[in-house]
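Trainee: I would like to learn how to read individual features of a structural model. Please give the general idea each time and then the case at hand.

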Amino acid sequence: MLVVLVLLAVTFLSRGRLPLRAVEAVLVLDIAAVGLARLSPDGGSGLLVVLPALWLGRLLGRRGAAVAGVATVLLVTVPGLLYTGAEGIFLSRSVSIPVVAVIASLAIAGGMEQVGRAMETVEHQRRVSDATLDTVDVGLVLLDRRGGYVGLNRRHRDFMALAYPGGHSGRAGQVGEVLDSDGTTPLAAEQMPTYRAAQGEEFDDCRIWVGRDPLTRRALSVSARSVRDERGTFAGAALAYKDVTDFMRAMEVKDEFVASVSHELRTPLTSIVGYVQMLLEDGELDPVAVRQLQVVDRNAQRLLRLITDLLDTAQIDAGPVALTRAPCDLAQLVRACVDAARPAYRAAGIRLEVHAPAALATLLDGQRIEQVVDNLLTNAMKYSSRGTEVCVELVVQDGRAVLSVRDQGIGISAADRDRLFTRFFRSRDAEDRSIQGVGLGLSITRGIVEAHGGRIEVDSQLGAGSTFRVRLPVAA
């Protein structure tokens with residue numbers, strides 16, 4: 001009973017942050033109590049010294065095992081031998097007691113040392129990991145399965161201070177000073193990158209602006225990946241926020257410069273084209289001069305198309321394309337564009353076919369849709385070979401007008417299809433074949449189509465041709 005009381009006292013005293021020396025002394029007294037119990041008439045089990053020996057090994061390690069061994073010999077074995085005599089079974093029992101106590105104490109000491117070393121290793125790795133994450137120039141966030149913030153690094157705390165000056169609740173989807181990529185439209189909760197990631201969505205290069213002050217706010221490119229457990233169940237998400245402010249502002253300056261220079265160039269170039277055409281209409285010019293003027297006209301027209309494309313690209317980047325909708329017969333418009341392209345197709349040795357209904361009433365910006373059809377026809381001709389065919393088809397499907405332009409040209413590789421509508425992108429095959437163009441036509445086409453509430457698709461196989469398909473809403 002005394003042993004149990006002493007052990008309880010050690011337990012409560014150790015929780016009360018008693019000095020280690022005092023705990024050690026109490027445990028030695030516990031061993032002495034076991035020794036006294038063995039001297040009573042009814043005796044006692046000397047193996048009870050294992051309990052304080054385990055405590056000593058746990059608290060003091062190998063030194064505790066030594067203390068347990070010495071204390072057991074002096075306080076249990078020696079008094080017991082003096083009391084019972086050093087012979088027979090009493091000798092073997094008295095000798096085995098300190099051996100068992102030392103072995104038990106060493107066992108718990110070794111285990112605690114391994115645990116201690118493991119904990120030190122884990123703590124060291126944690127400190128290294130935290131230092132590494134705080135060093136990188138990317139904001140990192142880890143969400144749990146419910147959208148709670150599990151961890152974030154120092155870089156992201158800086159972004160959070162701009163986005164949430166009043167504080168953050170630590171939950172995904174919280175609305176703050178966060179704007180869309182245009183820098184003016186506030187993001188709703190369901191549009192926030194953290195909310196989307198918490199729903200299991202994965203994405204790359206989602207661009208946002210954070211901060212209220214235009215002078216100090218930052219542009220961020222956000223990527224997200226889901227975290228799955230061993231059963232494949234959604235367990236959270238990891239997000240990376242990269243500061244792209246300098247890139248975004250450089251792009252704005254570049255776009256403004258391109259738009260300004262293109263606008264200034266188009267006016268004098270239009271005059272050049274007009275006067276060249278007036279000269280070509282003069283029937284008294286020398287044939288050599290006519291051929292030279294035709295070269296000037298052809299290159300001036302090419303420059304004018306390029307400048308127009310640059311202006312259109314700048315307008316699309318600045319926001320949705322401005323449209324002037326009016327009642328329009330889309331079938332007649334498509335046939336007119338095809339008829340205008342026939343001379344160029346005949347010169348290139350490419351057949352051009354069109355299949356369209358007699359009429360298709362729509363509400364569209366006719367001039368912009370003409371630009372779409374012209375771009376698709378020009379693109380098909382550039383990438384087709386002599387003797388092949390380009391087929392234009394217009395039908396109505398599910399309440400939408402579907403315009404298809406199918407060619408038998410060089411086709412597009414799977415690697416290039418994902419970037420096909422990116423401005424200034426040209427496929428490797430186009431560059432290898434020295435096909436003229438700067439890679440703006442399809443980007444402009446997509447901008448115009450999407451401004452109408454439609455979409456553009458492409459089906460292609462390398463070496464087997466391509467089909468561009470435009471789907472537009474029909475509003476008669």
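Trainee: Where is Asp398 found?

Mentor: Asp398 is found in the loop between strand S10 (389-397) and strand S11 (400-406). Helices (H or I, at least four residues) and strands (E, at least two) are DSSP runs, numbered from the N terminus. This is a predicted model, in which local features need pLDDT of at least 70, side-chain atom pairs count only at pLDDT 80 or more, and totals for chains, interfaces and linings use all residues. Residues are numbered from 1 along each chain as its sequence is written, and side-chain values use heavy atoms, with hydrogens and water left out.

Trainee: What is the phi of Asp398?

Mentor: Most residues other than glycine have a negative phi. Phi of Asp398 is near 55°, which is a positive value in a residue other than glycine. Asp205 also has a phi near 55°, again positive in a non-glycine residue, and Asp205 belongs to strand S4 (residues 203-210).

Trainee: Are Asp398 and Asp205 buried, partly exposed or exposed?

Mentor: The classes rest on relative accessible area: buried is under 20%, exposed is over 50%, and partly exposed lies in between (1.4 Å probe, protein chains only). Asp398 is exposed because its relative accessible area is 83%. Asp205 has 38% and therefore counts as partly exposed.

Trainee: How many salt bridges does the structure hold?

Mentor: Side chains of opposite charge can pair when their charged atoms come close. The criterion for a salt bridge is a side-chain nitrogen of Lys or Arg within 4 Å of a carboxyl oxygen of Asp or Glu. The structure holds 13 salt bridges. One of them joins the side chains of Arg155 and Asp243, at 3.5 Å from N to O. This pair links distant parts of the chain, with Arg155 in helix H6 (residues 154-163) and Asp243 in strand S6 (residues 234-243), 88 residues apart.

Trainee: Which accessibility classes do Arg155 and Asp243 fall into?

Mentor: Arg155 has a relative accessible area of 22% and so is partly exposed. Asp243 stands at 18% and therefore counts as buried.

Trainee: Which elements does the salt bridge between Glu389 and Arg351 link?

Mentor: The side chains of Glu389 and Arg351 meet at 3.6 Å, N to O. The pair links distant parts of the chain: Glu389 is in strand S10 and Arg351 is in strand S8 (residues 351-355), 38 residues apart. Glu389 is partly exposed at 22% relative accessibility, and Arg351 is partly exposed at 43%.

Trainee: Which parts does the salt bridge between Arg471 and Glu457 tie together?

Mentor: The side chains of Arg471 and Glu457 meet at 3.2 Å, N to O. Arg471 lies in strand S13 (residues 466-473) and Glu457 in strand S12 (residues 455-460), so the pair ties together parts that are 14 residues apart in sequence. Arg471 counts as buried because its relative accessibility is 17%, whereas Glu457, at 22%, counts as partly exposed. Both residues belong to a network of salt bridges that links Arg455, Glu457, Asp459, Arg469 and Arg471.

Trainee: Which rings have the charged end of an arginine over them?

Mentor: A charge sits over a ring if NZ of Lys or CZ of Arg is within 6 Å of the ring centre and within 35 degrees of the ring normal. The charged end of Arg196 sits over the ring of Phe203, 4.2 Å from its centre. The charged end of Arg217 sits over the ring of Trp209, 5.0 Å from its centre.

Trainee: Which residues form a nonpolar patch on the surface?

Mentor: Patches are made of residues with over 30% relative accessible area and no salt bridge; like charges are joined within 9 Å, and nonpolar side chains (Val, Leu, Ile, Met, Phe, Trp, Tyr) within 5 Å. Accessible areas come from the Shrake-Rupley method with a 1.4 Å probe; for residues, only the protein chains shown count as cover. Val70, Val73, Leu74 and Val78 form such a nonpolar patch, with about 320 Å² of accessible area together. Val70 is placed in helix H4 (residues 62-84).

Trainee: What are the totals for the chain?

Mentor: The secondary structure comes to 14 helices and 13 strands. Buried residues make up 38% of the 476 residues. The chain exposes about 26500 Å², of which carbon and sulfur atoms supply 57%.
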